[in-house]
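Please give a short briefing on the protein shown below.

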Amino acid sequence: MGFTPMIFSCTHDVRPISVAVALLALFGVHAANAVTRIGCPRGFYGSDCTEVCSVNCVNSTCSQVTGECTEGCETGYAGDDCTQDCPFGFYGDECQERCAKNCQNGTCDSRSGVCSDGCVEGFWGSDCSLGVEMSRNTPDERRSFYKHLSAEGKSVLLYVLSSRYEHALARVQFEIKRAIQDRNDISQLLDG
């Protein structure tokens, strides 16, 4: 008597890997061997696909054997399995960005770079990129400052500059009025 394959139709949401392993088990193929040949669904690894990839793996993708993240880590995480926060003083994709030098205690959020403990004296902004004495910085430091300025920092800088401009303009207008008044006073004395 020969073997006749049957075709099954399934209307339930069943993991394809589970169905494949179950069918292979019917024919005497060990589940571990079946997984090796078929592979685990995304987000799982191990000999029987029961281990879960780190939630910090990009696209939940990891090695089906070791669990190491194959597409890298989500922003703010490091290590082969992306379970470690960025090292002290670093943040961002693959922890490649340095926290701003003006962050209090050199600490910042591992994902955003926002200074966790505030700013050293004389600086402000979420990344402590705004300082009181920009004139003390070299031209290269000033260029770097403006280039890396956050949106919040640009808004604050614009506000500070515009308020200084308004103050300077008011001062000039006052001086002009005083000069006109002085001229008129001198004119009256001479005509007097």
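Helices (H or I, at least four residues) and strands (E, at least two) are DSSP runs, numbered from the N terminus. The chain has 4 helices and 8 strands. This is a predicted model, in which local features need pLDDT of at least 70 and side-chain atom pairs count only at pLDDT 80 or more, while totals for chains, interfaces and linings use all residues. Residues are numbered from 1 along each chain as its sequence is written, and side-chain values use heavy atoms, with hydrogens and water left out.

**Overall layout**

- In sequence order, the elements of the chain run α-α-β-β-β-β-β-β-β-β-α-α.
- The chain has 192 residues, and 25% of them count as buried; buried means under 20% relative accessible area, exposed means over 50%, and partly exposed lies in between (1.4 Å probe, protein chains only).
- Among contacts (heavy atoms within 4.5 Å) with a separation of 6 or more, 15% join residues 24 or more positions apart.
- The accessible surface of the chain is about 14,100 Å², and carbon and sulfur atoms hold 55% of this surface; the areas come from the Shrake-Rupley method with a 1.4 Å probe, and for residues only the protein chains shown count as cover.

**Disulfides**

- The structure contains 8 disulfides, a disulfide being a pair of cysteine sulfur atoms within 2.5 Å.
- One of them joins cysteine 40 and cysteine 49, with sulfur atoms 2.1 Å apart; this link is left-handed, with -85° about the S-S bond.
- Cysteine 40 counts as buried because its relative accessibility is 9%, and cysteine 49 counts as buried because its value is 7%.
- Cysteine 73 and cysteine 82 form another disulfide, with 1.9 Å between the sulfur atoms, and their link is left-handed at -85° about the S-S bond.
- Cysteine 73 has 15% relative accessibility, so cysteine 73 is buried; cysteine 82 has 0%, so cysteine 82 is buried too.
- The sulfur atoms of cysteine 103 and cysteine 115 are 1.9 Å apart in a disulfide, which is left-handed with -60° about the S-S bond.
- Cysteine 103 and cysteine 115 lie 12 residues apart, both in the loop between strand E6 (97-98) and strand E7 (123-124).
- Cysteine 103 and cysteine 115 are both buried.

**Nonpolar cores**

- A nonpolar core is a set of buried Ala, Val, Leu, Ile, Met, Phe, Trp, Tyr and Cys residues joined through side-chain atoms within 4.5 Å.
- The largest such core has 8 residues: Tyr45, Cys53, Cys57, Cys62, Cys69, Cys73, Tyr77 and Cys82.
- Apart from it lies another core of 5 residues, including Cys99, Cys103, Cys108 and Cys115.
- Leaving out residues up to four places away in sequence, cysteine 62 touches Phe44, Tyr45, Cys53, Cys57, Gly67, Glu68, Cys69 and Thr70.

**Helix H4**

- Side chains of opposite charge can pair when their charged atoms come close.
- A salt bridge is a side-chain nitrogen of Lys or Arg within 4 Å of a carboxyl oxygen of Asp or Glu, and the count here is 1 salt bridge.
- The side chains of arginine 178 and glutamate 175 form a salt bridge, at 3.2 Å from N to O.
- Both residues lie in helix H4 (residues 151-191), 3 residues apart, or about one turn of the helix.
- Arginine 178 counts as partly exposed because its relative accessibility is 43%, and glutamate 175 counts as partly exposed because its value is 27%.
- Val172, Ile176 and Ile180 make a nonpolar surface patch of about 250 Å²; patches are made of residues with over 30% relative accessible area and no salt bridge, with like charges joined within 9 Å and nonpolar side chains (Val, Leu, Ile, Met, Phe, Trp, Tyr) within 5 Å.
- Isoleucine 176 is in helix H4 and counts as partly exposed because its relative accessibility is 46%.
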